[in-house]
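Notebook open, structure loaded. I'm jotting down what I looked up, one stop at a time.

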Amino acid sequence: MYVEAEWDPRDPGGEMDFIAAIRKAHGFPTVAIAQARLHRSGCAELLEAHAARGFVRGIRHKPAPGMMDDAGWRAGYERLAGFGLHFELQAPWTQLAEAARLARAFPDTALVLNHTGLPADRTPEGLAGWRAALRELAACPNAAAKISGLGVPGAPWTVEANRGIVLAAIELFGARRAMFASNFPVDGLCASFDTIFAGFETITRGFSPAERRALFHDNAVRLYRMEHTHG
């Protein structure tokens, strides 16, 4: 799965043209998340164009604080369900109260939290705030979480450093609404792909085989509708 990378924020359609060409040549990525600024004029036409591509499953935006409560931004968000698109949210945990209000206001639109809510502050106070924020969002049945982006600047990625974060996210969202993600190449700044995924594998050894399949595979296939891909 490809997630928009702000290839050129002025040309979100061009980014998907690029991905379409890669798919035609190689068959991958299977599905993609496109970019759209939901508060801008032309949003409806852009969402329609994205939805017309058989491989686009959702939209990602990185809203500024307060934006998810803004009526103009929400007008764009409201259009997603009608186009069969879900929303990918990249925002720090300090914005998750807003995200929970958004998820409750639009229960027919799935919201997928990226990068575990970015728990970069590993002080006891920071972790307590992160956990409380995640709990509020996880209470919304239409919300799910991708476990990735757990690097801390200047610190190596280790099982010991991230076990509590991973297990808390799974505990709060449940094994049916949490999934592992790579965030590569960005997470390559803190560890190799093999190191991170071996760490996830180690951390989840206490889960049942069915739960592990869900976390590593089945939830992503279901939430990103990978069984029905065309175009």
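This is a predicted model: local features need pLDDT of at least 70, side-chain atom pairs count only at pLDDT 80 or more; totals for chains, interfaces and linings use all residues.

I started at R225, which sits in the segment after helix 8. Its phi is near 45 degrees, a positive value in a residue other than glycine.

N183 isn't a glycine either, yet it has a positive phi of about 50 degrees. I found N183 in the loop between strand 7 and helix 7 (193-203).

P185 lies in the loop between strand 7 and helix 7 too. I checked the peptide bond from F184 to P185, and it is cis, with omega near 15 degrees. I noted another cis bond, from F28 to P29, with omega near 0 degrees. P29 belongs to the loop between helix 1 and strand 2 (32-35).

Then the pockets. What is the volume of the largest pocket? I get about 900 Å³. I listed its lining at 38 residues, and those nearest its centre are H115, A181, S182, N183 and F184. Which elements give two or more residues to the lining? They are strand 1 (2-3), strand 7 (178-180) and helix 8 (209-223). Helix 8 gives the largest share, 5 residues. Sorted by class, I have 23 nonpolar, 9 polar and 6 charged residues in the lining.

H115 also came up when I looked at Q90. Setting aside neighbours within four places in sequence, I found Q90 in contact with R60, H61, K62, P63, N114 and H115. Q90 itself is in the loop between strand 4 (86-89) and helix 4.

On to helix 4 (residues 96-105). It packs against helix 5 (residues 124-138) at an angle of about 5 degrees, the axes being 8 Å apart. That's why I wrote the two down as roughly parallel. On the helix 4 side I see L96, A97, A99, A100, A103 and R104, meeting A133, L134, E136 and L137 of helix 5. I sorted these contact residues into 8 nonpolar, no polar and 2 charged.

Last stop, the rings. I have 12 aromatic pairs on my count. One of them is W7 with F18, a stacked pair at 6.1 Å centre to centre and 20 degrees between the planes. W7 is in the loop between strand 1 and helix 1 (12-26) and F18 is in helix 1, so the pair ties together parts 11 residues apart in sequence.

Notes
Residues are numbered from 1 along each chain as its sequence is written. Side-chain values use heavy atoms; hydrogens and water are left out. Axes are lines fitted to C-alpha atoms, for helices over the stretch in contact, and angles run from 0 to 180 degrees between N-to-C directions. Helices (H or I, at least four residues) and strands (E, at least two) are DSSP runs, numbered from the N terminus. Angles under 35 degrees count as roughly parallel, over 145 as roughly antiparallel, 65 to 115 as roughly perpendicular and the rest as oblique. Contact means heavy atoms within 4.5 Å. Ala, Val, Leu, Ile, Met, Phe, Trp, Tyr, Cys and Pro count as nonpolar, Asp, Glu, Lys and Arg as charged, and the others, Gly among them, as polar. On a 1 Å grid over the protein atoms alone, a cavity is a set of points where a 1.4 Å probe fits but cannot get out, and a pocket is an open set with protein on both sides within 12 Å along at least five of seven lines; lining residues have an atom within 4 Å of a point. Grid points are joined across faces, edges and corners, and a volume is the space filled by probe spheres set on the points. Rings of Phe, Tyr and Trp (its six-membered ring) pair if their centres lie within 6.5 Å; planes under 30 degrees apart count as stacked, over 60 as edge-to-face and the rest as tilted.
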